[in-house]
Amino acid sequence: MKVEYVNPFVSSGHKILEMILQEKPGRDKLTALPTVFTSDQLNITVGVTGAIQGTVIYGMSLVTADKVASVMIGQPIKTFDQLAASAIAELCNMISGNALMLLSEAGLVCDIAPPTLIRGSNTNISTMDIPAVVIPFVISQGEFKITVGLKERHVAEE
Amino acid sequence: MPKNIMITDDALFMRVMLKTILVGAGYSVSHEAGNGEEALNLYREHKPDLVLMDITMPVMDGLTAVKEIKKEFPDCNIVMCTALGQKNTVVEAIRSGAKDFIVKPFQAERVIESVQKIIGAP
């Protein structure tokens, strides 16, 4: 996958996580995957269409999701309810929106679909023949992974 | 009577956050809408002092809702709630009659500043 598809998600992840969590996130090494697979307990998938297409998956453990949602809501959450899910989905929306702005500045105009939240470990989400790159952010609430599986849209697919 | 504000956003989290900020500043949040069509119907019924309007929503998006509300109520006060990267849509919304915009993630001071500028203190 082209590095220019991944970099906007790296910089957006840094920027938005820092703005929301009020601390600079750390980052582990990027990992390339032949297709998307996630073993995280909570996954938020966002479809991308336009000049490039594919899927971006935000993955984390339920403990991390609880802690991040608590920071966003401003009080500890007792259970991962609708409000907590909405907070996490909105965080992913903000990262995606900012990344798409950077992609459009590079001439790659895209749209994103509303996020889908999937709970459950060892989820196999296939992006068919689209390879993926995992961006692992380290935050004080745990690990927050962004898996980017995007490819150019060919005219023949229109 | 505190001034009435309607929040329009499909994300529960955003509605709760905005309500907390506004009520904390002394405003009243009279109604909440989950999309532009709901906002239009609630506006017709209750005519709040100001509407906070998200852009990307199902059923009817925020830009269409601004145009529809503005058509029927030219004096309405609408502030757009935008994510980074929606510059063009915001410009069109302002051209269509929205009075200001605030950017997600929201900063409480900026939300209050925008609301106060348009409808004054609570």
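1. A residue is buried if 20 or more other C-beta atoms, placed from the backbone, lie within 10 Å of its own, exposed if 12 or fewer, and partly exposed in between. In this predicted model, local features need pLDDT of at least 70 and side-chain atom pairs count only at pLDDT 80 or more, while totals for chains, interfaces and linings use all residues. Residues are numbered from 1 along each chain as its sequence is written, and chains are lettered from A and ligands numbered from 1 in the order in which they are written.

2. Strand β4 (residues 78-82) of chain B is largely enclosed by the rest of the structure, because 5 of its 5 residues are buried. Strands (E, at least two residues) and helices (H or I, at least four) are DSSP runs, numbered from the N terminus. I78(B), M80(B) and T82(B) point one way from β4(B), whereas V79(B) and C81(B) point the other way.

3. Strand β3 (residues 50-54) of chain B pairs with β4(B) in the parallel sense over 4 bridges; pairing requires that DSSP find at least two bridges between the strands. L52(B) stands opposite V79(B).

4. In chain A, the axes of helix α1 (residues 3-21) and helix α3 (residues 82-105) come within 8 Å and cross at roughly 135 degrees. Axes are lines fitted to C-alpha atoms, for helices over the stretch in contact, and angles run from 0 to 180 degrees between N-to-C directions.
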